[in-house]
Amino acid sequence: MDWMASLQGLAGGVLIGLSATWLMATLGRIAGISGIVGNLITLRPKGDSAWRLAFLLGLISGPLAIMLLGGGLGNVTGSPGEVIGAPAGGVGLMLVAGLLVGVGTGLGSGCTSGHGVCGLARLAPRSMAATGVFLVMAIVTVYISRHLIGIGGLQ
């Protein structure tokens, strides 16, 4: 077991929880990325854009700061020379999947960060149902793509 990766994951989870708590405590807002980005782009709320932009800049600047400090991007491919690697099913499939995620966040009135992190912490029944659906569909998707279609498996 890679203890350093586990500790980094734990630290990241704690920071996500703290940022969600801070946003709720200070502004009364839920740290759901789809809502933050979606409302910034489509609604452009007056007086409500500054915190949304700051939140998004924080999402981007955190990994950049780690990279500048020599932390790298991490290796999720299993190959020493690669960082992320090519999409397992090709770029077209990745684009379709991204669009489907966007449609799903619209249909589900939120994403995993809003429902899974913030909604579960508030014991919201709607978020419990949504998170359960997210997890079941992720399991089904992995099963279909790896075992029935044969893409996305570990080489």
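**View 1. Arg122 and the residues that it touches.** Not counting residues up to four places away in sequence, Arg122 touches Met24 and Ile30, where contact means heavy atoms within 4.5 Å. Arg122 itself lies in the loop between helix H5 (112-121) and helix H6 (125-149); helices (H or I, at least four residues) and strands (E, at least two) are DSSP runs, numbered from the N terminus. Because its relative accessibility is 46%, Arg122 counts as partly exposed, given that buried means under 20% relative accessible area, exposed over 50%, and partly exposed in between (1.4 Å probe, protein chains only). The model shown is predicted, so local features need pLDDT of at least 70 and side-chain atom pairs count only at pLDDT 80 or more, while totals for chains, interfaces and linings use all residues. Residues are numbered from 1 along each chain as its sequence is written, and side-chain values use heavy atoms, with hydrogens and water left out.

**View 2. Ala20 in helix H1.** Ala20 has its place in helix H1, and it counts as buried because its relative accessibility is 8%. When residues up to four places away in sequence are not counted, Ala20 touches Ala31, Val117 and Cys118. Ala20 and Ser113 are 93 residues apart in sequence, yet from C-alpha to C-alpha they are 9.0 Å apart in space.

**View 3. The largest nonpolar core.** Which residues form the largest nonpolar core? There are nine of them, namely Ala20, Leu23, Ala31, Ile36, Leu40, Trp51, Phe55, Leu56 and Cys118; a nonpolar core is a set of buried Ala, Val, Leu, Ile, Met, Phe, Trp, Tyr and Cys residues joined through side-chain atoms within 4.5 Å. At least two residues of this core come from each of helix H1 (3-27), helix H2 (33-43) and helix H3 (49-68), and H3 gives the most, with three residues.

**View 4. Ile36 and its contacts.** Once neighbours within four places in sequence are left aside, Ile36 is in contact with Leu23, Ile30, Ala31, Trp51, Arg52, Phe55 and Leu56. Among these residues, Ile30 is also touched by Arg122.

**View 5. The protein chain as the setting for the close-ups.** Of its 155 residues, 16% are buried. Among contacts between residues at least 6 apart in sequence, 33% join residues at least 24 apart. The chain exposes about 11,100 Å², of which carbon and sulfur atoms supply 73%; accessible areas come from the Shrake-Rupley method with a 1.4 Å probe, and for residues only the protein chains shown count as cover.
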